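My notebook is open, and I am going through this protein piece by piece. Here is what I looked up, entry by entry.

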Amino acid sequence: MLRRASNLVLTACFLGLIALPLGLNMAGIDGADPDAENRTLAPWPALDGSLDSIGRFGNGFGHWFEDHFGMRARLIRWYGITRYFGLGVSPAPTVAIGRDGWLFYMEDGALDDYTHEHLMDDEELATWRGMIARASAWCQARGITYLFAFAPDKYTIYPEYFPDTIRQLSPVSRADQVMTATTDLGVVIDLRQRLLQHRDEERLFHVTDTHWNPRGAFHAYQQIMENLHARHPKVPPPKQRDELDAVIRQAPGMDLAGMIGLKRVLGEDDLRYNPKVPRQYVVRVPDGGYATGGDPV
């Protein structure tokens with residue numbers, strides 16, 4: 001009798017737990033946290049009375065429920081915390097955990113780029129060279145200056161923070177190959193050396209994001225503008241470091257932290273430069289738009 005009662009209690013608890021997310025939704029509680037994820041969550045499926053919309057409703061509801069079931073954001077965060085802090089491993093295969101909390105993106109060929117496993121053959125290099133040469137010729141024929149700049153990944157500038165379980169198979173990268181094949185065209189700029197030159201003065205990439213921070217972007221901007229100024233003296237030279245104030249602000253976890261459900265758990269110092277002279281423009285963000293030219297008003 002006691003065993004039967006305990007089985008009934010266990011079954012009731014199990015059914016209650018699996019029904020809880022739906023019950024919370026029915027109570028009007030949405031478990032999603034759009035700001036904590038780096039993607040657009042599935043919307044509620046539209047029903048306009050047509051057979052087509054009715055046919056799509058079931059699949060659409062399934063996607064909506066997967067993104068909005070009760071306690072979803074909290075459960076994802078708990079899972080991420082246990083994996084990241086408890087086991088010391090990444091909660092998602094798309095993100096690798098490096099030294100000192102540095103996160104690295106592992107999809108879209110990023111791992112191949114780091115390991116140099118698949119270098120380009122002569123045909124691929126000829127394709128790259130032809131593409132850059134054609135673009136340069138097209139612009140030159142129309143009086144347009146064309147530059148092709150390599151923006152390096154964070155592991156190129158800070159390889160010591162990349163997971164030490166992964167090794168590079170060749171000292172030559174695909175970017176090195178393209179640079180060698182196109183240097184004589186006179187339009188290719190390698191930003192890697194400029195950033196490597198300044199990488200120890202201050203952090204130039206975000207810890208929890210794939211991208212360089214404003215200070216890294218500043219050094220890239222300087223190199224590009226120096227090149228343009230040398231070609232066209234009427235183009236103003238780049239601003240210098242003493243024209244800017246170094247600003248540090250606390251920021252929540254960025255895109256990579258969002259991919260592992262820890263955007264609200266992991267944070268970092270957001271290193272910025274602000275001009276000492278106020279900007280001579282105002283950034284206005286249209287409804288539904290996204291602006292990156294400065295802080296919007």
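This is a predicted model: local features need pLDDT of at least 70, side-chain atom pairs count only at pLDDT 80 or more; totals for chains, interfaces and linings use all residues.

**Entry: Glu268**

I began with the side chain of Glu268, which makes a polar contact with the side chain of Arg203 at 3.3 Å. Residues are numbered from 1 along each chain as its sequence is written, and side-chain values use heavy atoms, with hydrogens and water left out.

Where is Glu268 found? I found Glu268 in strand S6. Helices (H or I, at least four residues) and strands (E, at least two) are DSSP runs, numbered from the N terminus. Glu268 counts as buried because its relative accessible area is 6%. The cut-offs I use are under 20% relative accessible area for buried, over 50% for exposed, and partly exposed in between, with a 1.4 Å probe and protein chains only.

I also listed what Glu268 is in contact with (heavy atoms within 4.5 Å). Leaving aside neighbours within four places in sequence, the list for Glu268 includes Arg203, His206, Asp209, Arg249 and Met254.

**Entry: Arg199**

Next I went to Arg199, in the loop between H8 and H9. Is Arg199 buried or exposed? Arg199 comes out as buried, because its relative accessibility is 16%. I noted two polar contacts of its side chain: one with the side chain of Glu160 at 2.6 Å, and one with the side chain of Asp200 at 2.9 Å. Not counting residues up to four places away in sequence, Arg199 touches Ile157, Tyr158, Pro159, Glu160 and Leu204.

**Entry: helix H9**

At the start of H9, a side-chain oxygen of Asn213 comes to within 3.0 Å of the backbone nitrogen of Arg215.

Which residues of H9 are buried? I wrote down Arg215, Gly216, Phe218, His219, Ala220, Gln222, Gln223 and Met225. Their cover includes strand S4 (188-190), helix H8 (192-198), strand S5 (244-252) and strand S6 (267-275).

In H7, I found Gln177, Val178, Met179 and Thr182 buried. The cover over the buried residues of H7 includes H5, strand S3 (148-150), S4 and H8.

I then looked at Val172, in the loop between helix H6 (154-157) and helix H7 (174-182). Val172 counts as partly exposed because its relative accessibility is 36%. Apart from neighbours within four places in sequence, Val172 is in contact with His116, Leu119 and Gln177. I also checked Val172 against Glu117: they are 55 residues apart along the chain, and their C-alpha atoms are separated by 9.9 Å.

**Entry: two positive phi angles**

His116 turned up again here, with a positive phi of about 60° although it is not a glycine. His116 sits in the loop between H4 and helix H5 (122-141), and it counts as buried because its relative accessibility is 10%.

Asp108 also has a positive phi, of about 55°, and is not a glycine. I found Asp108 in the loop between strand S2 (103-105) and helix H4 (110-115). Asp108 is exposed because its relative accessible area is 69%.

**Entry: Leu75**

Leu75 counts as partly exposed because its relative accessibility is 38%.

**Entry: the whole protein**

To finish, I looked up the totals. How many helices and strands are there? I got 10 helices and 6 strands. Buried residues make up 36% of the 297 residues in the protein. Among contacts between residues at least 6 apart in sequence, 65% join residues at least 24 apart.

Methods. A polar contact is a pair of N or O atoms within 3.5 Å; within protein, one must be able to donate a hydrogen and the other to accept it, and residues adjacent in sequence count only if both atoms are side-chain atoms.
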